[in-house]
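Here are a few exercises to work through with the model open beside you. Try each one yourself before reading its solution.

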Amino acid sequence: MTDDDRTPPPASPQSDPSTTDTSTTDTSTTDTSTTGEGATSTDGADSDGDATPATAAGERRRRVLPVAGTVLAAALVLVALIAPTDVNDLAPAAFLRIPVEGLIAVALLLVLPPKPRRMVATVLGALLGLVLVLKLADLGFSTVLDRRFDLIADWAFLGAGAEFLSESYGRAAQVGAVAVAVVAVVAVPVLVTLSARRLARLLGDHRLVSARTAAAFAAAWVVCAVLGAQVVPGLPLAADTVAAGVYDRTRQVNAGLHDQERLNDQLAGDPFHHTPGDQLLTGLRGKDVLVTFVESYGRVAVEDPELAPEVDAALDEGTRQLTAAGYGSRSAFLTSSTTGGGSWLAHATLMTGIRADNQLRYTNLVHSDRLTLNGAFKRAGWRTPLVMPALTRAWPEADFFAADRVYGAKDLGYRGPTFSFSSPPDQFTLEAFQRAERGPGHAPVMAEIPLLSSHIPWTPVPDLVDWDDLGDGSVFTGTNHADRADEGTRRAYRKSIVYSLRTLISYVQRYGDENLVLVFLGDHQPARAITGAGAGKDVPITIVAKDPAVLDQISGWGWQDGLNPDPDAPVWPMESFRDRFLRAFGPQSRTHS
């Protein structure tokens, strides 16, 4: 439609006789709107016939805005089609690709008449909007957990993330993040749908040009596909991102739906399920066994050039101190089932001997009758507390881990300031456990204790204090707002790991005896902001004991002396630890270690 089509025609002189009479009888009157000195025309032109600045600006806006809208629509659809799902691939060059799905959609829309074209564009836009939402979720998960979002298994992580924001940054941060996420989930599909409809109208208005352009891009796609051309390694110019993503999602969903069947097969093969208690852990009778998970203590902490010097120094000094006090130690690596977060997955993997690498597997596992390492100790006569310094609500899974007692945040008696992840410092956590479970005359205890001072967001940690001065934790007042709060993320992470390790070493020096066996390990590698890309999932593990018979029983493992495993130390899957540990310290330990 032209401008003339939008302008109503002038009224016919015959349509209003009275007007005709007036115009013919009053010819002496001059129309000031067109001839008056200094007057302005009613159509926005000045006396010389030029457009006013306001009108010219309005006309420019009318011309620019539709073009800008179309460009933005095309950009949004392109992003939805070819955006990578891994944060490491996010680069401008990653968007210099030809999406085959886009070419197919253009071909389809070009052959459809107007009404079906609009309907198909709406459906395709809505589906593509959902694809973009999933890609955004993938980018978030790859940033923290170094993997894609699992449609079946990962919904619980969303709640855990919201809880983390609340406990680490406050309720306002949690509400704000949830609000942004909800708006994005709704707005992204709507915007992509509107963009697809706009582009479909453009295709219909310019069929010939659109067809020729699409054909040229299709030819380029074929050439790039044949040559395997890439600008960003791993991202071919001939893109099929959406198709590949749908295929992967289908496999992912299928695997989730059949997870219970695979788990049942693993559960049926448990060699210790029916082992009597008097045949379990005979090599540790009378010992107190502490299994402590050091949050985010990964291989990167002992090998990264920026992190390792200080961490290795703490471990090496600890080895010398404990050796001087009569303790021996052996170290290696385990490959965790998770990275960057999801500590409970690692805990379950170590304790059950079954790999729990997503929330669905974890849920299915904790509702089974699998014998956990905690349960084996309990069956053999140990007391089995769980010390959970950040636990603030009911935790039904405690029964699965055969807990005699669960010490949550309120049960530890802490009255000082909170630190990382709203938890007390690790030193107080260990002291509270010592008071509650290892007093004079106590029964043998096997405790699982996560230490959280090295939990993201790696806020300042306090200095170690004299154990006699810990009291109710008030001694730490003011130390959670130290000047170190403005340190870089990697430096803060390093300091928190060093603090946790020195705390454990100090605990052994203070409370260790012939009957203490300390197992400490990382639950997972830290987030990618610390590790960088491709860091793997290995975490250090160490066993410390004063009784040489304990370490003799694991001599066949090939683990290295000391607290600090070097890069060549053995690497086991984390899920293999339960069975190896039970065999090493069971009645067949001499021949099956």
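**Exercise 1.** Does R438 count as buried or exposed? Then find its charged partner and work out what the pair connects.

*Solution.* Keep in mind that you're looking at a predicted model.
- Start with accessibility: R438 has a relative accessibility of 7%, so it counts as buried, the cut-off being under 20%.
- Next, look for the partner. R438 makes a salt bridge with D288, and the closest N and O atoms are 3.0 Å apart.
- Now place both ends. R438 sits in the loop between α17 (426–437) and β9 (446–451), while D288 belongs to strand β5 (residues 288–294), so this pair ties together parts 150 residues apart in sequence.
- Last, check D288 too: at 3% relative accessibility, D288 is buried.

**Exercise 2.** Which way do the side chains of β5 point, and which strands does β5 pair with?

*Solution.* 
- Sort the residues. D288, L290, T292 and V294 point one way from β5, and V289, V291 and F293 point the other way.
- Check burial: 7 of the 7 residues of β5 are buried, so the strand is largely enclosed by the rest of the structure.
- Look to the neighbours. β5 runs parallel to β10 (residues 516–522), joined by 7 bridges, and D288 has L516 as its bridge partner there.
- β9 also runs parallel to β5, with 6 bridges between them; here F293 is partnered by P450.

**Exercise 3.** How many salt bridges does the whole structure have? Compare where the R299–E303 and E575–R355 pairs sit.

*Solution.* 
- The total comes first: a search of the whole structure gives 23 salt bridges.
- Take R299 and E303, whose closest N and O atoms are 2.5 Å apart. They are 4 residues apart in helix α12 (residues 299–303), about one helical turn.
- Turn to E575 and R355, which meet in a salt bridge at 3.1 Å, N to O. E575 is in the loop between β13 (571–573) and α21 (577–584) and R355 in the loop between α14 (343–352) and α15 (359–366), so the pair ties together parts 220 residues apart in sequence.
- R355 counts as partly exposed, at 24% relative accessibility.

**Exercise 4.** Which residues form a nonpolar patch on the surface?

*Solution.* 
- Pick out V178, V182, V185, V186, V190, L191 and L194: together, this patch has about 600 Å² of accessible area.
- Zoom in on V186, found in helix α8 (residues 171–205). V186 is exposed, at 52% relative accessible area.

How values were computed
Residues numbered from 1 in each chain as written. Predicted model: local features only at pLDDT ≥ 70, side-chain atom pairs only at ≥ 80, totals over all residues. Heavy atoms only, no water. Salt bridge = Lys/Arg side-chain N within 4 Å of Asp/Glu carboxyl O. Helix = DSSP H or I, 4+ residues; strand = E, 2+ residues; numbered from the N terminus. Buried < 20%, exposed > 50% of the residue type's maximum accessible area, 1.4 Å probe, protein only. Patch = residues over 30% accessible without salt bridge, like charges linked within 9 Å, V, L, I, M, F, W, Y side chains within 5 Å. Areas by Shrake-Rupley, 256 points an atom, 1.4 Å probe, with all protein chains shown as cover. Pairing = 2+ DSSP bridges.
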